[in-house]
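Me: I'd like to learn how to read a structure like this one. Could you walk me through it, one feature at a time?

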Amino acid sequence: METVFGIAVDGVAYGMILFIISVGLSVTLGLMRVVNLAHGAFAMAAGYVASYAAQTMGLPYGLALVAAVLLTVVATLPLEKLLYRRIYGSANELRQVLLTIGLTFVIVAGINYLFGPTLKRIPLPEMLTGTLDLGPKSIPTHRAFVIGMGAATILALWWLLERTSFGIRLRAAVDDPAMAAALGIRTERLYMATFALGTGLAAMGGVLGAELLPLEPYYAIRYIVLFLAVVAVGGAGSIFGSAAAALTLGVVDTAGKYLIPNFGEFFFYAALILILFRWPHGFFQGRAA
Amino acid sequence: MTAVESDKMTTNTSTLPHSRPALPRIVTDAMPVVVMAVGGLAAFWLFPNDLGLLTRILAAALFVMSLDMVLGYCGIATLGHAAMFGTGAYAAGIVAVNWVSDPLALLAVGGVAGGLIALATGALILHARGLTLLMLTIAVAQIVQEVANKARDWTGGSDGLSGIDPAPVLGLFRFDLYGRTSYLFALAVLIVGFLVARRIVRSPCGLACRGVREEPLRIAALGGSPRRYLVSMYAVAGVFAGIAGALTAITSGIVGLDSVGFSWSAEAMIMLVLGGTGRLYGAVIGTVAFMAIHHILASTDPFHWMLFIGLFLMGIVLFLPGGIASLSARVLPLVKGGR
Amino acid sequence: MIDAPLLQVDGLSKNFGGLQVSSNISMDLRKGDRCALIGPNGAGKTTFVNLVTGVIPPTAGTIRIEGHDVTRQSAEARVRRGLIRSFQVARLFRSMTVREHLELAVLERTGRTFRLFANVRRIPGLADEVAELLEGMGLTAVAETAVGTLAYGQQRLLEIALALAMKPKVLILDEPAAGVPHSESHRILDALDRLPDDLAVLMIEHDMDLVFRFAKRIIVLAQGQLLCSGTAAEITADPRVREVYLGSRAHAH
């Protein structure tokens with residue numbers, strides 16, 4: 001029982017991190033039709049910035065998190081205008097893949113130039129290092145924190161997309177770009193805002209998940225396949241799809257690591273093939289945003 | 001020109017007859033082979049201490065060429081092509097360790113294995129398009145890698161499969177310590193592979209695949225089945241990728257998990273795009289350029305290399321959508337002096 | 001049935017929901033026919049073509065090719081029986097040459113596209129047949145040109161050549177001169193004049209010069225129904241036609 005509980009907690013926490021990072025990719029893919037392989041690099045960059053802010057500059061964890069997210073968003077926003085805008089649209093997959101792989105390499109090289117090629121940590125505040133008692137069980141506070149942040153992200157995104165005018169316009173544009181443009185929705189600004197949202201989520205996930213997806217030089221390349229898989233299964237542009245896919249992957253992978261070491265990914269990818277074979281547009285397609 | 005002038009409707013054709021090659025086809029056809037053979041032999045004499053690297057380059061070139069058949073001729077964007085390479089490499093390696101050590105037989109084993117996995121997975125995934133297809137190709141490669149990782153008894157898992165000791169080529173040429181036989185063997189395989197691949201892309205099936213890449217609906221209107229063409233060419237490319245994997249296994253004596261890795265698939269795509277798609281010899285150019293520069297830059301600091309190749313890729317996408325090979329098509333008219 | 005019509009359409013009707021877009025259309029085409037289908041926009045010409053070629057199923061009526069009932073057969077089956085159409089919107093392989101287009105069409109027709117090791121240039125008979133098609137449409141001079149760089153009128157000619165490469169018995173030309181400047185539509189007409197004599201041709205076209213000069217018989221559709229049919233002279237003299245079609249044109253002047 002102890003194992004099952006441990007798997008559940010670790011798996012859900014891991015899944016939440018995958019969700020926070022992947023949902024940003026999912027939203028940009030759903031709206032702008034861009035396969036952004038540099039998404040993992042954005043998460044990585046934020047992680048390194050937070051690590052530097054916390055370790056070298058001595059900022060508190062929360063402040064380091066906010067600073068890293070803001071800095072990443074501000075730094076990547078010009079990229080939307082300079083690079084991404086040229087490759088939006090589903091007819092451009094190959095160019096998207098190549099451009100964003102190129103961008104990933106440049107970011108990876110830049111990070112290693114700035115911060116060095118060693119594994120980085122973001123020291124947790126004392127508040128998050130202990131365990132949290134939940135009746136008969138106790139779980140690591142950090143895991144609880146991550147799960148809480150993930151749940152909060154789901155709720156916040158749900159609110160943003162269902163209850164705000166930004167969300168209404170975003171969903172309209174995902175459903176029918178031509179109609180949205182005809183209705184006078186300014187897609188350029190919408191794209192930019194969505195890109196910033198996606199990057200911000202990647203950055204947040206990169207910082208929060210540093211304990212689970214360690215910050216190492218090849219982070220951006222190592223994990224992008226996972227993020228893409230979540231999006232493909234969840235369906236581009238679907239929040240709840242991404243959440244379900246990420247949590248499933250998190251639990252399956254974690255269970256695999258505990259029970260049959262390293263076989264989790266095998267099952268996950270086998271499931272991925274079956275799901276995509278049956279539902280080529282993802283399991284949750286149809287529910288835009 | 002007279003035929004063109006007689007037809008007033010051809011408003012913009014005055015430039016077109018120039019696009020025909022000035023050289024007879026037999027010359028343009030022989031050129032890549034001659035360049036490969038001469039260049040390959042020259043490298044053999046010039047860099048006797050780097051034959052290991054050069055051999056890897058040749059095998060990689062065959063792999064990238066097989067990717068060109070898929071990406072360049074069929075328009076299938078794949079990030080999982082290493083699945084076929086790795087399957088061929090492991091199949092040849094396992095057979096070599098346990099049963100047969102004749103290098104040509106091992107190449108055949110690799111080719112069959114690569115072709116079969118491509119046929120099976122291609123039939124399964126090629127109904128998809130865009131991101132879904134991209135993900136499926138990645139997923140297939142990840143599964144193959146995972147299987148190779150788990151089947152330790154056969155593949156050596158993460159330690160790699162070693163102890164591949166091929167017999168002399170044709171019973172005559174022993175694989176020597178300096179890698180001379182390996183290199184020349186790989187060069188011969190690459191050139192033969194190029195000739196066969198070129199024959200295939202110029203066949204009716206190759207023609208149909210190019211049609212599918214451009215307008216699948218039109219192929220259907222002509223009475224053809226786009227998906228059947230794609231699966232056929234995917235399987236054929238799988239044979240080439242499998243042979244390239246087997247060639248690597250034979251000449252290096254070891255097969256590692258990275259031969260099925262995502263990075264290897266992505267690198268192959270980069271090499272192909274560097275050299276230019278849809279030309280076959282572009283694959284060879286791209287591979288030689290990529291791996292040679294990699295060797296030079298990465299030996300000092302791998303991140304210099306990543307910066308370089310990253311900027312290069314971005315530059316190509318933004319400023320040279322057709323790849324390096326399109327450079328000649330763009331520069332040539334300028335060289336000809338404004339026509 | 002010694003001389004069954006190549007194409008015979010009887011009482012063809014189509015409803016979309018409650019809307020009748022084609023009602024009770026009957027017509028036939030015989031060897032050597034040069035027929036044009038005209039009518040104002042929204043008359044149901046495109047629907048008629050789609051019904052005949054099998055893109056959409058009819059609600060009622062029958063379609064026969066050489067006496068064989070193909071009403072329930074797929075579009076591909078009709079293609080195999082020799083009912084071929086050209087397309088209004090060019091769906092061509094932009095980077096491939098004119099010659100390659102025709103090679104592909106001929107190979108596809110003869111079922112030889114799965115050969116992996118054959119050299120296209122050396123397949124017996126192929127080069128001759130392609131040369132004939134190029135000649136017939138006046139495309140020989142641009143045979144090695146990538147189609148994406150061709151003048152629009154030549155793309156239209158290639159479209160017709162592709163249809164011919166499939167060895168049609170009945171050829172349906174969907175606006176062969178669409179997008180071609182009026183001053184150059186005679187190029188299309190010249191090419192159409194060289195079509196094989198025993199071919200039955202049905203042309204859908206807006207360019208009335210082209211219609212009157214090409215067609216021996218003209219069928220007028222209006223509001224999904226066959227209004228009348230006859231020679232150019234009969235059609236232009238028919239007051240009903242003037243009203244629904246030519247008349248509206250006259251008003252526009």
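Reply: Let's begin with burial: a residue counts as buried when its relative accessible area is under 20%. Keep in mind that this is a predicted model. In chain B, 56% of the 339 residues are buried.

Me: What is chain B built from, in helices and strands?

Reply: Chain B has 15 helices and two strands. For its contacts with a separation of 6 or more, 76% are between residues 24 or more positions apart. As for the surface, chain B exposes about 14000 Å², and 66% of that comes from carbon and sulfur atoms.

Me: How much area is buried between chain B and chain A?

Reply: The general idea is that an interface's size is often given as the accessible area lost when the parts come together. Here, about 3600 Å² is buried between chain B and chain A, with carbon and sulfur atoms giving 85% of it. F303(B), M306(B) and V317(B) supply 17% of the area that chain B buries against chain A, more than any other three residues. The contact involves 36 residues from chain B and 42 residues from chain A.

Me: Which elements of chain B give two or more residues to that side?

Reply: Those are α6 (130-150), α12 (262-275) and α14 (302-319) of chain B. The largest share, 14 residues, comes from α6(B). Sorted by class, the side of chain B that touches chain A has 28 nonpolar, six polar and two charged residues.

Me: How many salt bridges are there between chain B and chain A?

Reply: In general, side chains of opposite charge can pair when their charged atoms come close. Between chain B and chain A, the count of salt bridges is zero. There is one residue pair in polar contact across that interface. Over all chains, the whole structure holds 20 salt bridges.

Me: Let's look inside chain A. Is E80(A) buried or exposed?

Reply: E80(A) has a relative accessible area of 0%, so it counts as buried. You'll find E80(A) in helix α3 (residues 61-82) of chain A. Its side chain meets that of R85(A) in a salt bridge of 2.8 Å, N to O. The side chains of E80(A) and Y88(A) are joined by a polar contact of 2.7 Å. Beyond its neighbours within four places in sequence, E80(A) also touches other residues, including Y191(A), M192(A) and F195(A).

Me: Which residue forms a salt bridge with E216(A)?

Reply: That's R222(A), with the closest N and O atoms 2.8 Å apart. E216(A) is buried, at 11% relative accessibility, while R222(A) is exposed, at 51%.

Me: Where do K169(C) and E66(C) lie in chain C?

Reply: First the pairing: the side chains of K169(C) and E66(C) meet in a salt bridge of 3.0 Å, N to O. K169(C) lies in the loop between α5 (152-165) and β7 (170-174), and E66(C) in the loop between β4 (60-65) and β5 (68-69), so the pair ties together parts of chain C that are 103 residues apart in sequence. K169(C) is partly exposed at 36%, and E66(C) is partly exposed at 35%. Salt bridges can share partners too: E80(A), R85(A) and E188(A) are joined that way into one network.

Technical notes:
Residues are numbered from 1 along each chain as its sequence is written. Chains are lettered from A and ligands numbered from 1 in the order in which they are written. This is a predicted model: local features need pLDDT of at least 70, side-chain atom pairs count only at pLDDT 80 or more; totals for chains, interfaces and linings use all residues. Side-chain values use heavy atoms; hydrogens and water are left out. Contact means heavy atoms within 4.5 Å. Buried area is the accessible area (1.4 Å probe) that two parts lose on being put together, summed over both. A salt bridge is a side-chain nitrogen of Lys or Arg within 4 Å of a carboxyl oxygen of Asp or Glu. A polar contact is a pair of N or O atoms within 3.5 Å; within protein, one must be able to donate a hydrogen and the other to accept it, and residues adjacent in sequence count only if both atoms are side-chain atoms. Helices (H or I, at least four residues) and strands (E, at least two) are DSSP runs, numbered from the N terminus. Ala, Val, Leu, Ile, Met, Phe, Trp, Tyr, Cys and Pro count as nonpolar, Asp, Glu, Lys and Arg as charged, and the others, Gly among them, as polar. Buried means under 20% relative accessible area, exposed over 50%, partly exposed in between (1.4 Å probe, protein chains only). Accessible areas come from the Shrake-Rupley method with a 1.4 Å probe; for residues, only the protein chains shown count as cover.
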